[in-house]
Amino acid sequence: MGKRVLLADDDQLLASLLNFRLKKSGYDVHHSSNGKEVKEYLKTERPDIIVSDIMMPYFSGIELIDFVRNELKLNTPIIIISSAGNEQNVLSAFELGANDFITKPVSPTELLVRVGREINK
Amino acid sequence: MSISKSKDLIGQLSNLERTVSEFSFEELSTQDSKVIQSYFNSFRNSLESHIYNRNNGTNLKEQVVEKEEVEKELPNKNQFIAHVSNQIRTPLNSIIGFANLLNEEKLNTSQHKKVQAIQFASISLLNLIDEVFEYSKISTGYINFETIDFNLQGLLNDVMFLCETLMVDRQIELIIDIDENVPKIIKGDPSKLSEVLLNVLGNSIKFINQGYIKLGVSAKECDENQFILKFSVADTGIGIAKEKLETIFNCYAQAKDDTFVTYCGTGLGLSITKEIVEKQNGEIDIISEEGIGTTITFSIPYATGNISNRPVIQNENSDIEKGKIVLSGTEILVFEDNLMNQHLIKAQLTKWGCKVYTHANLKEGLSILATKKIDLILMDLKMPNLNGFDISKVLRAHKDVHINTVPIVAFSADFTEQDSKDCKEIGMNDFLLKPYTLDELMSTIIKNKREEDTSMKVEHLLQKIMIEPKETTRVDLNGLLQDCFGEIEILNELIKLFKMNALEFSGNVKLHLQTDNLKEVAFAAHKLKAGFAMLKANGMRQLIVELEAQCKANRPNEVKELYQLFLNDYPLLEQNLDTNLAGLNKI
């Protein structure tokens, strides 16, 4: 079985593309479209990496990092997808323990390189 | 009569109000609760301002009592009913509309149940009002009876089909017994006969738990031009107590006080039935025993029909096979809000091999029209929120030639001359009167459905070529196709998703601009811009980025202007998108 990626993004379009590309590269992808689902999933599952959008309904990507690092006490690599011009969000993400970030519009190829790099660290 | 009905109305209004006030918003997340709370406030305001007349300080209860006094002096008390019905009908439609909107939100099970209770309470109330109104129309002689040749056998088949659909999953036998001497073609009013049969059979279905329902039809000739048709509907239902039998055809009489609660009846069905039968010089009678069953018999005189006068396709036997031959593969979009009717029409059209999409609102309908080849639209004219006329206007004004030329057939239970004029003016193609026979449905679809017309294709193509290559309408899918590793199915799927997102954006922005909720507009814009980036629609992406920025700067007028630009240019962008995609699909 491939490495497990948790993909958290409410943008169905981007998520579908990333899901397709990650699976093509042999990853086992679980996609959640809101923070609540992500939280539920993480109660029982342990993905190898988390790729998350910042702006999501119920529970933002920033809150997700806080939850993973401070409540679940996990050091699973987290890559944040952020919009251009949201530097403040990216800084908060790094402060809370995000490992990397990628700016929208997301190039799937670039994301795959970043995911591979984090997983193989 | 109106006194008891007014009490009923008030009872149901309180019921509705209670279900509404039981709805709690506290459990919702902040983002959703704001949206829903705003729906709810408008909902409540509408309820209060229409139903409780705040201006003169009296509430509906007092008004009804006052009106009852006045009513006694009115020469025509039905005018009063029509007046009150209309007054309540309008806000009720918006209540139903808002409840539908609420239901589309993300709700938990208990909230969902409560919204359903609101929907149920408001729809029951609406049905009640409709029946009151129908009754007042009939009893004032406002209603006209047709005299046309029609296929009795076909009508009976259709009625039985409807009843079977109502009894799905129930262990009840439906038997039909037609005497040999019953003529196939007769002259009279087919829609009124269907209504009477459906009322009587519908009643049996409502009050039966096990056993059978039997419809018998026989004919008695009076002279060579006229005969009397006798119908009997016998059931093994709960039956009616002796003392109640005498008043069962009276307005609003129901066998037991709690009948409404158990069986959702309004008590008007049988009195309407009696009026319709008697207005056609017929007779109706009932025998019943509690716990054993009920038999209703009615007879109506008809004139002998002339087979050559029957204008639509004749098909005496079941027409499923025929339907399959002529309609198989036809894609039909049905705008209909009544779930039962949705179910019925879908069941029938599917039998004929049609592909059916049923929706009750413009947004969903447009998304179907944008992605499917739809050959015909069946449009219910009376729907909450946007009615059939409004939706048709939007479709006819649409920029996409595929959408603005789609054949539209209106259907409605009552069709006034004004309705007919309006339909023509809007550019609807035809209409069907409810209840229609299957023959009528089939021939209307055949007559109006879109043909594979080469001239239209050329026109479509020309329109595409003539599009001004404006920056905001440009797209380029090559990069995205590469991202999909050249897998065209994935690309098609993504484009479908993108179109849905754009439609959702358009609807959300419109909604939030009404209340100048720029925060929500900015959020919607933020979500859409990534999609435009993926399509390399850089001009449109820039427009959306600007729109988001203007929201953040709290400039509603600028936001509205930019939104208008989006509305103007997006359809062209989508056409370019389709052309681009079609080209890639061919490679």
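Reader: In what order do the strands of the open sheet in chain A stand, and with what pairing?

Author: This is a predicted model, in which local features need pLDDT of at least 70, side-chain atom pairs count only at pLDDT 80 or more, and totals for chains, interfaces and linings use all residues. Residues are numbered from 1 along each chain as its sequence is written, while chains are lettered from A and ligands numbered from 1 in the order in which they are written. Helices (H or I, at least four residues) and strands (E, at least two) are DSSP runs, numbered from the N terminus. Two strands pair if DSSP finds at least two bridges between them. Here, the five strands of the open sheet follow the order β2-β1-β3-β4-β5 (chain A), with parallel pairing.

Reader: Which strands of chain A stand at the edges?

Author: They are β2 (28-32) and β5 (100-103) of chain A; each has a single partner strand, so one side of each lacks a neighbour in the sheet.

Reader: Over how many bridges do β1 and β3 of chain A pair?

Author: Strand β1 (residues 4-8) and strand β3 (residues 49-53) of chain A are joined in the parallel sense over four bridges. Within this pair, A:Leu6 is placed opposite A:Ile50 in β3(A).

Reader: How many residues does helix α7 of chain B have, and how far does the helix reach?

Author: The expected span of a helix is 1.5 Å times one less than its number of residues. Helix α7 (residues 190-206) of chain B has 17 residues and reaches 24 Å from its first C-alpha to its last, close to the 24 Å expected.

Reader: How many helices and strands are there in chain B?

Author: Chain B holds 23 helices and 12 strands.
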